[in-house]
Amino acid sequence: MLIFNFCASENVGRLVTPAKKLEDTIRLSELVIEVLQQNEEHHAEAFAWWSDLMVEHAETFLCFYSADMDAALEIQPPDSWDSFPLFQLLNDFLRVDCE
């Protein structure tokens, strides 16, 4: 899994704190969003006839990402707002993507 390898390669041989895991997940979110936006910008015209394939690709891509996001969120303290920037980033992307 490519997305998992991104976070794993950054933290080889050291203990990962919840804050570092969240930081890595936010960076990964930015990369996922960038790839999905580039796919839309560069391939939307070519795949206009196959929009269902583009939607399916985006859903699959986000599904792989969600496993890493869930793992990062599980180790966060329950009474912390540290994960708010992550949800804000995803919300902004999804809000704009739906328009």
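This is a predicted model: local features need pLDDT of at least 70, side-chain atom pairs count only at pLDDT 80 or more; totals for chains, interfaces and linings use all residues.
Visitor: How many residues does the chain have, and what share of them counts as buried?
Guide: There are 99 residues, and 25% of them count as buried. The accessible surface of the chain comes to about 7,100 Å². Carbon and sulfur atoms account for 60% of that surface.

Visitor: Why are H2 and H3 called roughly antiparallel?
Guide: The axes of H2 (residues 18-43) and H3 (residues 51-74) cross at roughly 175°. Angles over 145 degrees count as roughly antiparallel, and H2 and H3 are therefore given that label. Their axes come within 10 Å.

Visitor: Which residues show that H2 meets H3?
Guide: On the H2 side they include Leu 22, Thr 25, Leu 28, Val 32 and Leu 36. On the H3 side they include Phe 61, Leu 62, Tyr 65, Asp 68 and Met 69. The residues of this contact divide into 14 nonpolar, five polar and three charged.

Visitor: Why is Thr 25 called buried?
Guide: Thr 25 has a relative accessible area of 0%. Buried means under 20%, so Thr 25 is buried. Thr 25 is in helix H2. Apart from residues up to four places away in sequence, Thr 25 touches Tyr 65, Asp 68, Met 69, Ala 72 and Leu 86.

Visitor: Why is Ile 33 called buried?
Guide: The relative accessible area of Ile 33 is 10%. The limit for buried is under 20%, so the label holds for Ile 33. Ile 33 also lies in H2.

Visitor: How do you know which residues Ile 33 contacts?
Guide: Contact means heavy atoms within 4.5 Å. With neighbours within four places in sequence left aside, Ile 33 is in contact with Leu 89, Leu 90 and Phe 93. For Leu 90, 57 residues away along the chain, the C-alpha separation from Ile 33 is 8.1 Å.

Visitor: What makes up the largest nonpolar core?
Guide: This core has 12 residues in all, including Ile 26, Ile 33, Phe 61, Leu 86 and Phe 93. H2, H3 and H4 (84-98) are the elements that give two or more residues to this core. H2 provides the largest share, six residues. As background, nonpolar side chains in soluble globular proteins tend to be buried together.

Visitor: Why is Arg 27 called partly exposed?
Guide: Arg 27 has a relative accessible area of 41%. Buried means under 20% and exposed over 50%, with partly exposed in between, so Arg 27 is partly exposed. Arg 27 lies in H2. Arg 27 and Leu 86 are 59 residues apart in sequence, with 9.1 Å from C-alpha to C-alpha.

Visitor: Why does Gln 76 count as buried?
Guide: The relative accessibility of Gln 76 is 12%. Buried means under 20%, so Gln 76 counts as buried. Gln 76 is placed in the loop between H3 and H4.

Visitor: Which residues is Gln 76 in contact with, leaving aside neighbours within four places in sequence?
Guide: They are Pro 18, Ala 19, Leu 22 and Asp 82. The C-alpha atoms of Gln 76 and Thr 17 are 9.1 Å apart in space, and these two residues are 59 apart in sequence.

Key. Residues are numbered from 1 along each chain as its sequence is written. Side-chain values use heavy atoms; hydrogens and water are left out. Helices (H or I, at least four residues) and strands (E, at least two) are DSSP runs, numbered from the N terminus. Buried means under 20% relative accessible area, exposed over 50%, partly exposed in between (1.4 Å probe, protein chains only). Accessible areas come from the Shrake-Rupley method with a 1.4 Å probe; for residues, only the protein chains shown count as cover. Axes are lines fitted to C-alpha atoms, for helices over the stretch in contact, and angles run from 0 to 180 degrees between N-to-C directions. Angles under 35 degrees count as roughly parallel, over 145 as roughly antiparallel, 65 to 115 as roughly perpendicular and the rest as oblique. Ala, Val, Leu, Ile, Met, Phe, Trp, Tyr, Cys and Pro count as nonpolar, Asp, Glu, Lys and Arg as charged, and the others, Gly among them, as polar. A nonpolar core is a set of buried Ala, Val, Leu, Ile, Met, Phe, Trp, Tyr and Cys residues joined through side-chain atoms within 4.5 Å.
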